[in-house]
Amino acid sequence: MVYRVYAPDGHFLARDALEGTHQGADRTGRVGLPTVSLKDASGNTRDLQPCPSADTEASLTSLVALLRTNGLSDAADFLQQILTSQLPLVPTHCTPNGTAAVSFAPATLNSDFFRNPLTTYLETPSLCLAAGDVFVVRGKAPVFPNTYFGGSVFDPAFDTQIQMRYWSMCQNDRVIPYPVIACQPDFATRRDETQFYTYVISNDPEPPAWLPSGATWLPWGDTSIPKNLIFRVTLPQGSPTAYAPVGAFCDETVLTSQGWQACFAAAGLSAPPG
């Protein structure tokens, strides 16, 4: 069972500092985690203790060992099968993709792993970054509810009609078990006056000083491991692919001197999506 928590108040400190809205909440949004108990056929109840691994997604191998230690061999075998036969091994090298345009499409690679029927994951293919390059993504923001800043699920953050419950952009390693490098949620994504957003993914330890005004930054991560940029779409109105962004690799100096337009032109993209 997976208990999903999206954007708890106080978790996204960069935007909080910008907006002055940080409330100091924890990862559960100050409501804590649900308790879990087992009841056998005789009516006896046993409360389960929290998992000792604080970051289960990054410790699946440890979780397999923990299951076996507790006699849950069937569960351990099931998880081990996913890890060894359905997911790619860590590569020894990464070949840069160049300046070609990159599209987002519904996830197909091992889509049964923690599937959520209410969410569609639009992802890129395997991506590798060349030295001196950045990856630029452009799209039109779907309208989302203004819940993070105090509104109800019926209050749009902009415009007049909500188009989906939640969306985000996440950078992931495309290896076992697709660990997340960093994400930006809908409310923390900068938008221009026409509600288009621009993401810049670069090989920097923190947002670079040269980041274009109005762009939202994500870290690339280890350049030796292929990446998988994922656009998460939850409860969309209509087809999720209608909101798919487009990306392109670009020389950093071209982006800083000529803008995302020059990056898209070099990749053969005459206009952004939407």
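Colleague: Is T234 buried or exposed?

Modeller: Burial is judged by relative accessible area: buried means under 20%, exposed over 50%, and partly exposed in between, with a 1.4 Å probe and protein chains only. T234 has a relative accessible area of 7% and is therefore buried. This is a predicted model, in which local features need pLDDT of at least 70 and side-chain atom pairs count only at pLDDT 80 or more, while totals for chains, interfaces and linings use all residues. Residues are numbered from 1 along each chain as its sequence is written, and side-chain values use heavy atoms, with hydrogens and water left out.

Colleague: Where is the place of T234?

Modeller: Helices (H or I, at least four residues) and strands (E, at least two) are DSSP runs, numbered from the N terminus. T234 is found in strand β11, residues 227–236.

Colleague: With which residues is T234 in contact, leaving aside its neighbours within four places in sequence?

Modeller: Contact means heavy atoms within 4.5 Å. With those neighbours within four places set aside, T234 is in contact with Y6, L118, T119, M164, R165 and Y166.

Colleague: With which side chain does the side chain of T234 make a polar contact?

Modeller: A polar contact is a pair of N or O atoms within 3.5 Å; within protein, one must be able to donate a hydrogen and the other to accept it, and residues adjacent in sequence count only if both atoms are side-chain atoms. Here the partner is the side chain of T119, at 3.0 Å.

Colleague: How many salt bridges does the structure hold?

Modeller: Side chains of opposite charge can pair when their charged atoms come close. A salt bridge is a side-chain nitrogen of Lys or Arg within 4 Å of a carboxyl oxygen of Asp or Glu. There are 4 salt bridges in the structure. One of them joins D77 and R68 through their side chains, at 2.9 Å from N to O. D77, at 40% relative accessibility, counts as partly exposed, and R68, at 39%, also counts as partly exposed.

Colleague: Which residue forms a salt bridge with R138?

Modeller: The partner of R138 is D192, and their closest N and O atoms are 3.1 Å apart. This pair links distant parts of the chain, 54 residues apart: D192 is in the loop between β8 and β9 (196–202), and R138 is in strand β6 (residues 133–140). D192 is partly exposed, with a relative accessible area of 23%, whereas R138 is buried, at 8%.

Colleague: What is the N to O distance in the salt bridge of E123 and R174?

Modeller: The distance is 4.0 Å. Again distant parts of the chain are linked, 51 residues apart: E123 is in strand β5 (residues 119–123), and R174 is in the loop between β7 (164–173) and β8 (180–185). E123 counts as buried at 10% relative accessibility, and R174 counts as buried at 15%.

Colleague: How many disulfides does the count come to?

Modeller: A disulfide is a pair of cysteine sulfur atoms within 2.5 Å. By this rule there are 3 disulfides. With bonded cysteines counted along the chain, their pattern is 1-2, 3-4, 5-6.

Colleague: Why is the disulfide of C94 and C128 described as left-handed?

Modeller: The torsion about its S-S bond is about -90°, so the disulfide of C94 and C128 is left-handed. The sulfur atoms of C94 and C128 are 1.7 Å apart. The pair links distant parts of the chain, 34 residues apart, with C94 in the loop between α3 (73–86) and β3 (101–103) and C128 in the loop between β5 and β6. Both C94 and C128 are buried.

Colleague: What is the torsion about the S-S bond of C170 and C183?

Modeller: That torsion is about 115°, so the disulfide is right-handed. C170 and C183 are joined with an S to S distance of 2.0 Å. C170 is in strand β7 and C183 in strand β8, 13 residues apart. C170 is buried, with a relative accessible area of 3%, whereas C183 is partly exposed, at 26%.

Colleague: Which cysteine does a disulfide join to C250?

Modeller: C250 is joined to C263, S to S 2.0 Å. The torsion about the S-S bond of C250 and C263 is about -65°, so this disulfide is left-handed. C250 lies in strand β12 (residues 246–251) and C263 in helix α5 (residues 260–266), so the pair ties together parts that are 13 residues apart in sequence.
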